[in-house]
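Hi everyone, thanks for coming.

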Amino acid sequence: MENLDLTVLRALRDWRSAGHHALMATVVRTWGSSPRPVGSIMGLCDSGAVVGSVSGGCIEDDLIARYTRPDAADALQPAAGGAPGFVKYGVTADEAHRFGLPCGGTLELLLEFDPDAAQLAELVRALEGGRLMRRSVALADGRATLVQAQAPAALSVDARELANTFGPEYRMLIIGAGQMSEYLATMALFSGFAVTVCDPREEYRGAWSVDGARVLADMPDDVVAAFRPDRRSCVVALTHDPKLDDLALLEALDTEAFYVGAIGSRRNNAARRERLKEHFGRTEADLARLRGPIGIYIGSKTPPEIAVSIMAEVLAVKNGVVLPLDMNVARVKNRQAAESNAGCVTP
């Protein structure tokens with residue numbers, strides 16, 4: 001699941017550790033249109049605090065009201081023996097309109113009352129340590145168990161238990177602390193990535209101004225090695241300096257990072273590939289995963305627009321979306337150049 005889930009789990013851990021009652025709601029089924037996917041979670045505290053979302057804002061207010069008013073006729077309360085409960089929203093057209101569910105969408109939630117604080121802390125530690133975890137909840141009594149998962153899996157639920165896989169944070173390593181890096185880091189942070197920025201140049205690093213991103217001064221290839229990119233990591237080089245970018249990119253290509261790319265023009269990217277082949281003995285097959293020019297084609301000209309195009313490509317790759325060829329920067333610019341040259345030919 002995405003990084004938002006880790007935020008929810010941290011909040012639930014803190015509330016329960018402080019002695020508060022808390023509710024964990026998980027989307028287990030959807031029909032029709034639903035703004036949030038199966039497996040999404042939300043945490044509610046008896047103080048009225050809430051973290052996360054199960055419907056994109058459609059039904060959260062109703063859940064909060066029913067949980068924080070235990071004397072109400074429709075209050076959400078635990079069953080005898082601690083068993084979790086199920087609740088559906090949007091079953092009828094009137095309810096769909098009332099809760100803002102689009103197109104008559106319906107969703108079903110599993111409600112866990114007062115999840116165990118120690119186990120929540122264990123789950124958060126595992127996720128922060130980069131491990132993929134499977135959490136199973138017995139429907140008879142609400143007891144939860146944790147095991148390390150070997151691969152991501154969709155949520156499953158049957159008559160006995162619900163099982164949900166939680167993944168570690170998505171991480172982005174940005175090489176270079178320039179202006180464009182600030183825009184990209186900001187977007188990556190609000191997209192749920194943990195962001196690390198590396199730049200040994202003090203004049204760039206000293207002006208960094210994005211809260212929430214870790215900034216390192218070591219050489220980029222050493223940082224990549226220490227970063228240990230996995231399948232939930234991406235590495236983006238933005239310095240235009242071969243002394244900083246090239247070795248770091250080579251290091252990243254030898255990892256499981258889902259995205260490795262560098263900024264630059266078509267000419268600069270072609271030159272980079274030739275350098276890596278000539279000086280480091282790499283083949284075209286070795287460089288197949290190296291992206292460049294990075295980003296999708298949106299006609300971007302300014303640093304923030306270019307950062308938007310890069311973030312869009314990173315998210316598309318992360319989400320398994322195959323982008324149309326007409327959004328490939330090099331392809332579009334090659335076509336534009338060919339059309340321009342053709343227009344200059346005189347009879």
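**A walk through the model**

Let's start with Glu284, which is partly exposed, because its relative accessible area is 44%. For that wording, buried means under 20% relative accessible area, exposed means over 50%, and partly exposed is in between, with a 1.4 Å probe and protein chains only.

Before I go on, a word on what you're looking at. This is a predicted model, where local features need pLDDT of at least 70 and side-chain atom pairs count only at pLDDT 80 or more, while totals for chains, interfaces and linings use all residues. Residues are numbered from 1 along each chain as its sequence is written, and side-chain values use heavy atoms, with hydrogens and water left out.

Back to Glu284. Which residues does Glu284 form salt bridges with? One is Arg273, where the closest N and O atoms are 3.9 Å apart. Glu284 sits in the loop between H9 and E15 and Arg273 in helix H9, so this pair ties together parts that are 11 residues apart in sequence. Another is Lys277, with 2.6 Å between the closest N and O atoms. Lys277 is partly exposed, because its relative accessible area is 23%. By salt bridge I mean a side-chain nitrogen of Lys or Arg within 4 Å of a carboxyl oxygen of Asp or Glu. Helices (H or I, at least four residues) and strands (E, at least two) are DSSP runs, numbered from the N terminus.

Arg282 and Asp254 meet through their side chains in a salt bridge, at 3.1 Å from N to O. That pair links distant parts of the chain, 28 residues apart: Arg282 is in the loop between H9 and E15, and Asp254 in the loop between H8 and E14. Are these two buried or exposed? Arg282 counts as buried, because its relative accessibility is 19%. Asp254 is exposed, because its relative accessible area is 57%.

**Helix H8**

At the start of H8, a side-chain oxygen of Asp241 comes to within 2.9 Å of the backbone nitrogen of Lys243. Several residues in H8 are buried, including Leu244, Leu249 and Leu253. What do the buried residues of H8 pack against? Among them are E10, helix H7 (220-227), E13 and helix H9 (266-280). For packing, contact means heavy atoms within 4.5 Å.

**The core**

Next, the inside. The largest nonpolar core has 26 residues, and the ones with the most contacts inside it are Met172, Leu184, Phe193 and Val314. A nonpolar core, by the way, is a set of buried Ala, Val, Leu, Ile, Met, Phe, Trp, Tyr and Cys residues joined through side-chain atoms within 4.5 Å. Strand E10 (170-175), helix H5 (179-190), strand E11 (193-198), strand E13 (233-237) and helix H10 (303-318) each supply at least two residues of this core. H5 gives the most, with five residues.

Have a look at Leu184. Not counting residues up to four places away in sequence, Leu184 touches Met172, Ile174, Val236, Leu238, Ala307, Ile310 and Met311.

**Aromatic pairs**

Last stop: the rings. Rings of Phe, Tyr and Trp (its six-membered ring) pair if their centres lie within 6.5 Å; planes under 30 degrees apart count as stacked, over 60 as edge-to-face and the rest as tilted. By this rule there are three aromatic pairs. Tyr67 and Phe113 make a tilted one, 6.5 Å centre to centre with 40° between the planes. Tyr67 is in helix H2 (residues 60-68) and Phe113 in strand E5 (residues 106-113), 46 residues apart. Both Tyr67 and Phe113 are buried.

Tyr170 and Phe258 form an edge-to-face pair, 6.0 Å centre to centre and 85° between the planes. Tyr170 lies in strand E10 and Phe258 in the loop between H8 and E14, so the pair ties together parts 88 residues apart in sequence. Finally, Tyr170, Phe193 and Phe258 form one aromatic cluster.

Note on methods
A polar contact is a pair of N or O atoms within 3.5 Å; within protein, one must be able to donate a hydrogen and the other to accept it, and residues adjacent in sequence count only if both atoms are side-chain atoms.
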